[in-house]
Each structure stands twice: as C-alpha cells, then as structure tokens.
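Me: I would like to learn how to read a protein model, one feature at a time. Please start with the general idea each time, then show me the case.

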Amino acid sequence: MKKRTPVSEIMTNNVIALNKTDDLEQAEKLFKAHNIRHIPVVSGDQIIGMLSYTDLLRISFADAAEDYAVDVESVVYNMFTIEQVMAKNLVSVSSGTTIKEVAELLAKKEFHALPVVDNNVLVGIVTTTDLINYLIKQF
C-alpha cells in the first residue's frame with residue numbers, strides 16, 4: 001500500500017451538487033436517482049455546506065410506507081430550505097491530501113464524506129465507501 005497516495009486517486013470527480021437555492025424535494029430526487037448519501041451545497045463554485053440523506057430523514061417521512069407520506073414530505077420539505085438543513089461547519093481536504101490523512105479525519109469525526117476543495121473550488125468528494133473500496137483493492 002502506497003503511503004503518500006493522494007485522495008485525488010479515489011475521490012469522485014463528477015460531483016453531484018445542489019445550489020443553495022434548490023429545494024429539498026430536488027435533493028431527495030438526486031439522492032434516490034444517483035443512489036448517494038451526501039451532496040455538497042454550492043453557491044457558484046464555492047461549497048457552502050453538505051446535505052446528507054440522513055439530514056432529510058430527520059425532518060421527513062422519506063421512507064414511510066403509507067400513501068400519504070408523499071404529501072407529508074412535500075409539506076415538510078416546503079417548511080425548510082436547504083441552507084437550514086445542511087451542515088455548515090465543514091471540514092474539507094485538498095486533492096493532494098493523502099488517503100491516510102483522509103482516513104484519519106473520517107475516523108475521528110462523525111461524518112462519512114469530505115468535500116475536496118482546491119483554491120476554494122469544489123473539485124471532488126471522498127466518502128468512507130471510497131476508502132473501503134480502496135482498501136479492498138489493496139488485498
């Protein structure tokens with residue numbers, strides 16, 4: 001295993017992002033359509049927050065089985081903006097940060113994704129799943 005491998009080797013480059021003006025219904029559609037759990041929120045090129053699928057679950061009945069759940073979700077989603085629900089105090093890494101450093105950060109914190117930012121521009125996202133897949137390839 002290479003000790004100095006940069007996170008750019010394993011991060012997702014084609015980041016699916018939300019604009020701060022998007023709504024939570026749009027966010028849920030993106031989570032489900034792309035089978036992802038974290039979406040950076042941007043204003044222009046700059047990341048201003050991170051929305052997780054868990055954030056949506058906290059305020060909705062996203063996986064409720066009843067037929068009325070969709071109506072309830074719409075009402076609840078209209079009560080909040082993305083900026084109110086997203087995580088704002090972000091920890092980010094640069095594309096040159098080593099995979100080991102990223103793993104250490106994720107192991108110490110209570111989140112499962114880190115935005116990758118170079119020169120204040122979002123260039124990628126790295127998740128715990130990316131790290132696990134990298135480790136699997138090493139064996």
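This is a predicted model: local features need pLDDT of at least 70, side-chain atom pairs count only at pLDDT 80 or more; totals for chains, interfaces and linings use all residues.

Me: How do I read a sheet, and in what order do the strands of the open sheet come?

Reply: Strands of a sheet pair through backbone hydrogen bonds, either parallel or antiparallel. Helices (H or I, at least four residues) and strands (E, at least two) are DSSP runs, numbered from the N terminus, and two strands pair if DSSP finds at least two bridges between them. In this model 3 strands form an open sheet in the order E1-E2-E3, with mixed pairing. Its edge strands are E1 (18-19) and E3 (46-52), each pairing on one side only. E1 and E2 (residues 38-43) run parallel and are joined by 2 bridges. Asn-19 stands opposite Val-42 in E2.

Me: In which sense do E4 and E5 pair?

Reply: E4 and E5 pair in the antiparallel sense over 6 bridges, and Leu-114 stands opposite Val-126 in E5. Their hairpin has 2 residues between the strands, and Asn-119 takes a positive phi near 50° there. Strand E4 (residues 113-118) is mostly covered, as 5 of its 6 residues are buried. Buried means under 20% relative accessible area, exposed over 50%, and partly exposed in between (1.4 Å probe, protein chains only).

Me: How do I read the faces of a helix, and which residues of H5 are buried?

Reply: Look down the helix axis and find the arc, which is that of the directions from the axis to the C-beta atoms. In H5 the buried residues are Ile-99, Val-102 and Leu-106. They fall within an arc of 60°, so they line one face of the helix. The face turned away from that buried side carries the exposed residues Ala-107 and Lys-108. E4, E5 and H6 are among the elements covering the buried residues of H5.

Me: Which residues are buried in H6?

Reply: In H6 (residues 128-138), Asp-130, Leu-131 and Tyr-134 are buried. Their arc is 100°, so they too line one face of the helix. The cover over the buried residues of H6 includes H5 and strand E5 (121-127).

Me: What is a core, and how many residues does the largest nonpolar core have?

Reply: A nonpolar core is a set of buried Ala, Val, Leu, Ile, Met, Phe, Trp, Tyr and Cys residues joined through side-chain atoms within 4.5 Å. The largest one has 16 residues, and Leu-18, Leu-24, Phe-31 and Leu-51 have the most contacts inside it. H1 (24-34), E2, H2 (53-59), H3 (69-79) and H4 each supply at least two residues of this core. H1 gives the most, with 4 residues. A second, separate core of 12 residues includes Val-93, Val-116, Val-126 and Leu-131.

Me: How do I read an aromatic pair, and how many are there?

Reply: Rings of Phe, Tyr and Trp (its six-membered ring) pair if their centres lie within 6.5 Å; planes under 30 degrees apart count as stacked, over 60 as edge-to-face and the rest as tilted. By this rule the count is 1 aromatic pair. Phe-31 and Tyr-53 form an edge-to-face pair, 5.3 Å centre to centre with 65° between the planes. Phe-31 lies in H1 and Tyr-53 in H2, so the pair ties together parts that are 22 residues apart in sequence. Phe-31 is buried at 2% relative accessibility, and Tyr-53 is buried at 15%.

Me: Is Asp-45 buried or exposed?

Reply: Asp-45 is exposed, because its relative accessible area is 54%. Asp-45 lies in the loop between E2 and E3. Asp-45 and Val-121 are 76 residues apart in sequence and 5.4 Å apart in space, C-alpha to C-alpha.

Notes. Residues are numbered from 1 along each chain as its sequence is written. Side-chain values use heavy atoms; hydrogens and water are left out. Contact means heavy atoms within 4.5 Å.
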